[in-house]
Amino acid sequence: MLTIKIMAPAPGTIQRLLIDAATDIEAQQDLSYSSPKLEARLLLEYVLNKNHAWLIAHADKPITEAELSKFKHLLGERLRGKPIAYILGTQGFWNLQLKVSECTLIPRQDTESLIETVLDLSLPDNTRVLDLGTGTGAIALALAQEHPKWQVTGVDRIAEAVALAKDNARLNQLCVDFRQSDWFSVFDDSHHASFDLIVSNPPYVAPDSEYLQQGDLRFEPLSALVAADEGFADIRHIIEHAKRFLRASGFLVFEHGHEQSETIQTLLCEAGFTEVKSHLDYNDLPRVTLGRYT
């Protein structure tokens, strides 16, 4: 009987490097990651400036000392907990590729639930949208991509975030008006009842939350994560002031923590919103709540 001997990947080759790096990442239980193998591959693709197909075709190829040194440095950053999106400087969201930086939150798949919720709403062809706390511009750009006729504005308090969102608009060839504003502060009386839709993924984590010491959140800006009043301060502010800027029958849509939906529904109802309801994210947790201002 013929015996086939399977050879282990040679030391120093691309295949061996990927196997060892994925093992190291998997061993770090406190990391937030989608797949150790995927993260190892993304880091090596970044170092070599090659794609996945090239890595497969050259699996038995050794890399240079300089490339190995850079790869080990980036892998070390990841093993210390730095989010891979901050290391690579990019993150996929919806059908977009977005630049990211440490001045903003990293766009997450959970936020795509908000996009899907909005796309199911009954809105006019010329809808005017306001995205509060736009960060990388992820929500505003995804909606602009899906509805090119919509007039989309995104605002953020942080100047660096606004500049980043503008870069992402150019990168994805989308037309969105990004401005610096502390929530509604940039808008005057001429913007009264201007928007059919206001969306926001505001800070909603309580200052003493244990989650702030876990995973990627340890490296993301607290100003984009934490709100006073057990995480509800900014949500309350937005609900109070949104009524002034929404057109009749306009929608207000939030992303929020999965334990906050009932409180936000109550706040919306008390503020005069109707058709108040929450939607589940991809983990079947209530993460998006909306109301209609009539």
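## Helices α6 and α7

In this predicted model, α6 passes α7 in a right-handed crossing. Helix α6 spans residues 112-119 and helix α7 spans residues 138-146. Their axes come within 10 Å and cross at roughly 40°. Because angles under 35 degrees count as roughly parallel, the two helices are classed instead as oblique to each other.

The contact is formed by Leu114, Ile115, Val118 and Leu119 on the α6 side, which meet Ile139, Ala142, Leu143 and Glu146 of α7. Seven of these residues are nonpolar, none is polar and one is charged.

Asp110 lies in the loop between β2 (96-99) and α6. Apart from neighbours within four places in sequence, Asp110 is in contact with Glu255, Asp281, Asn283 and Arg287.

Lys70 and Asp110 are 40 residues apart along the chain, and their C-alpha atoms are separated by 32 Å.

## Helix α1 against α2

Helix α1 (14-27) and helix α2 (36-48) have axes that come within 8 Å and cross at roughly 130°. The two helices are therefore oblique to each other, and their crossing is right-handed.

On the α1 side, the residues in this contact are Ile14, Leu17, Leu18, Ala21, Ala22, Ile25 and Glu26. They meet Pro36, Lys37, Glu39, Ala40, Arg41, Leu44 and Leu48 of α2. Divided by class, the contact holds ten nonpolar residues, no polar residues and four charged residues.

## Helix α1 against α4

Helix α1 also meets helix α4, which covers residues 65-79. The axes of this pair come within 10 Å and cross at roughly 15°, so α1 and α4 are roughly parallel to each other. This crossing, too, is right-handed.

Here Leu17, Ala21, Asp24 and Ile25 of α1 meet Leu68, Phe71, Leu75 and Leu79 of α4. The contact comprises seven nonpolar residues, no polar residues and one charged residue. Leu17, Ala21 and Ile25 of α1 take part both in this contact and in the contact with α2.

## The second largest pocket

The second largest pocket has a volume of about 290 Å³. It is lined by 14 residues, of which Gln15, Leu18, Ile19, Ala22 and Lys37 are the closest to its centre. Among these, Leu18 and Ala22 of α1 and Lys37 of α2 also belong to the contact between those two helices.

Three helices, α1, α2 and α3 (52-57), each supply at least two residues of the lining. The largest share, seven residues, comes from α1. By class, eight lining residues are nonpolar, three are polar and three are charged.

## Summary of the α1 region

Conventions: Residues numbered from 1 in each chain as written. Predicted model: local features only at pLDDT ≥ 70, side-chain atom pairs only at ≥ 80, totals over all residues. Heavy atoms only, no water. Axes fitted to C-alpha atoms, helices over the stretch in contact; angles between N-to-C directions. Helix = DSSP H or I, 4+ residues; strand = E, 2+ residues; numbered from the N terminus. Parallel < 35°, antiparallel > 145°, perpendicular 65-115°, else oblique. Left-handed = near helix turned anticlockwise from the far one by under 90°. Contact = heavy atoms within 4.5 Å. Nonpolar A, V, L, I, M, F, W, Y, C, P; charged D, E, K, R; others polar. 1 Å grid on protein atoms, 1.4 Å probe; cavity = no way out; pocket = protein on both sides within 12 Å on 5 of 7 lines; lining within 4 Å. Points joined across faces, edges and corners; volume = space filled by probe spheres on them.
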